[in-house]
Amino acid sequence: MEIKKGIAVSPGISVARAFILDSEEYRIPLRYIDAKDIGKEITRYEDAIHLSVKELDNIRKRFARRLGEDAAPIVEAHMKMLQDEHVKAQVIENIKKNKYSPEYAISRVLRRYTKALYSAHDTFFTNRIQDINDIERRLLKNLLEERREELGDLKEPVILVAHDLSPTQTITLDRSKIKGFVTDVGGKTSHTAIIARMQGIPAVVGLNSISLDVSGGDTIIIDGNSGLVIIDPDEETIKKYSAMGKSYVVFEKKLIQELKGQPAVTKDGHKVTLFANVELPQEVPLALKYGAEGIGLFRTEFLYNTPQRAPTEREHFDVYKKIAVQSRDRQIVIRTMDLGADKIQVGGGNKEKNPFLGCRAIRFSLLNPDSFRTQLRAILRASEYGYISLMFPMISSLSELRDAKEILEDVKDKLTQDKIPFNQKLKVGIMIEVPSAAMIADLLIKEVDFFSIGTNDLIQYALAVDRGNECVASLYQPAHPAVLRLIKSVIDEGARHHKNVAMCGEMSGDWVYTILLLGLGLKTFSMSPIVIPEVKKIIRSVTMVEAKKISAKAMASQNAQETADFLKEYTSRIVPQFS
Ligand code: PEP
Ligand code: MG
């Protein structure tokens, strides 16, 4: 039994078999073979070694021709490792004695080696890990051949273990079978974290080497409340955590039940609006179940998941119309594509050195006006079917906003000419997620109907801290005085111009900051559906007078950690369930 501590990013507790998702998406489940097949399976393993050695020999020859004999030793070292008698003996023993399938036996033996190398903390040894991983991949590829099982074919519930999850992988997952996510990398607002929270699936990220520590098929426990992951737990621990998992589900259910139909209103009568963030259209019913009054952020990146081509107007329109109809008279804020950086990449080939500072979101849209127009046309057409608003991401200057609005006006004119109906009064807002936009909020607010503060990016850009990098996760501080000042100035600017300011970054769904944001005057909170009941409970347990006092105290603080601790402690005192 091994216990690892990472960053807890999505609450809940699960116990299930591990499914290792590597870059090639091989599944290496714990499989037993029949005693009568032992000989056959060993031959299969030996055949895979021969085939792999042959492949490497061809590569070695190609290398030698192109680069001279100097390059050969690297490949030769791989060939030697593949045929290492000691490794071979261990794999064969696992097949014979434990009746493990060769795939599982290889994975288990080689991962034990990489684990040992990892703990040596030596660059020379860590480089060897890469070699062993390459060998494992090659062997498995040749072993599995036709029998390869893909992630899409999951037959039983699993906890997904990966180095990282790409946006494309997370979109194609059969989420009904995923009982948890654990990854080596990532922070609280990384893509995996957001997806997990959105789906109400427990997740722990930033575990460094979990994808090497676990073998496919191992039983693991994931505690998304405390950030613990337990590998190979004993029976007693499984029992304890299963019971904890059940009581967490009961706690959540009770909270939903208690707050069902209740408004998000403070004890002294100040009403705020709680919206949900939605990543996929099928999440809309979940959002409504958790009490969302509307959709404050509908991310549209999933539509661009087919790398070969951009989505058609029809494809956009069908999705937007469907969510408009599903949400009935509730407001839906559709954000235009935020492609690039940590999101879905399009355009191939052109790798950027600094994607977060590169051709992302509105910048991409303005450089690709045809795709942008297609999306805008579809949103406008769908606005006939519900209460849709439009939002531009990553605006960093007035001219960018004006360019985007000019294209929008042009698309509207074309629709009018073609006599295609749309909501003439469609509201247009922008995300405030770049510090420059926060600083010129007074100029931007005059040209839009609303703001939505995107703290996930605002924090990373203001503090120069990558939102998805676990090494700097402790520096990613929502309560940093610089961040709080930016947020406050944006909210104040909205109030001065009588325009609504929402927040759709993860900070708005983190119960630690609810009272602070309330006191700063935030009127619309948009968050992952599962945290709506928690935030509502806190709002209903505090007065606005109290919240203002607390936020004034937080604004006067010079230390982010002290502010966060103070807010946490205060909230736990008034709502003891959240301690
Ligand atoms: C944000 O940046 O806070 C936000 C909500 O957008 P995303 O997480 O999609 O970048
Ligand atoms: Mg963002």
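Predicted model: local features only at pLDDT ≥ 70, side-chain atom pairs only at ≥ 80, totals over all residues.

The tour starts at a metal site and then moves on to salt bridges.

Residues are numbered from 1 along each chain as its sequence is written, chains are lettered from A and ligands numbered from 1 in the order in which they are written, and side-chain values use heavy atoms, with hydrogens and water left out.

**Stop 1: the metal**

Select ligand 2, the magnesium ion, then show Glu433 and Asp457: their OE and OD atoms coordinate the ion at 2.0 to 2.1 Å. Donors here are N, O and S atoms within 2.8 Å of the metal (3.2 Å for Na, K and Ca), and because water is not among the atoms, sites may look incomplete. Glu433 sits in the loop between β13 (427-432) and α15 (435-439), and Asp457 in helix α17 (residues 455-463), so this pair ties together parts that are 24 residues apart in sequence. Helices (H or I, at least four residues) and strands (E, at least two) are DSSP runs, numbered from the N terminus.

Are these two residues buried or exposed? Both Glu433 and Asp457 are buried. Buried means under 20% relative accessible area, exposed over 50%, and partly exposed in between (1.4 Å probe, protein chains only).

**Stop 2: salt bridges**

There are 34 salt bridges in the structure, each a side-chain nitrogen of Lys or Arg within 4 Å of a carboxyl oxygen of Asp or Glu.

Go to Lys537 and Glu258, whose closest N and O atoms are 2.7 Å apart in a salt bridge. Lys537 is in helix α20 (residues 532-539) and Glu258 in helix α9 (residues 235-259), so they tie together parts 279 residues apart in sequence. Lys537 counts as buried at 16% relative accessibility, whereas Glu258 is partly exposed at 42%.

Next, pick Glu313 and Arg381, another salt bridge at 2.7 Å, N to O. Glu313 is buried, at 19%.

Now try Glu400 and Arg363, bridged at 3.9 Å, N to O. Glu400 belongs to helix α14 (residues 398-417) and Arg363 to helix α12 (residues 362-367), 37 residues apart.

**Last stop: a network**

Finish by selecting Glu301, Arg335, Asp338, Arg360, Asp457 and Arg467, which salt bridges with shared partners join into one network.
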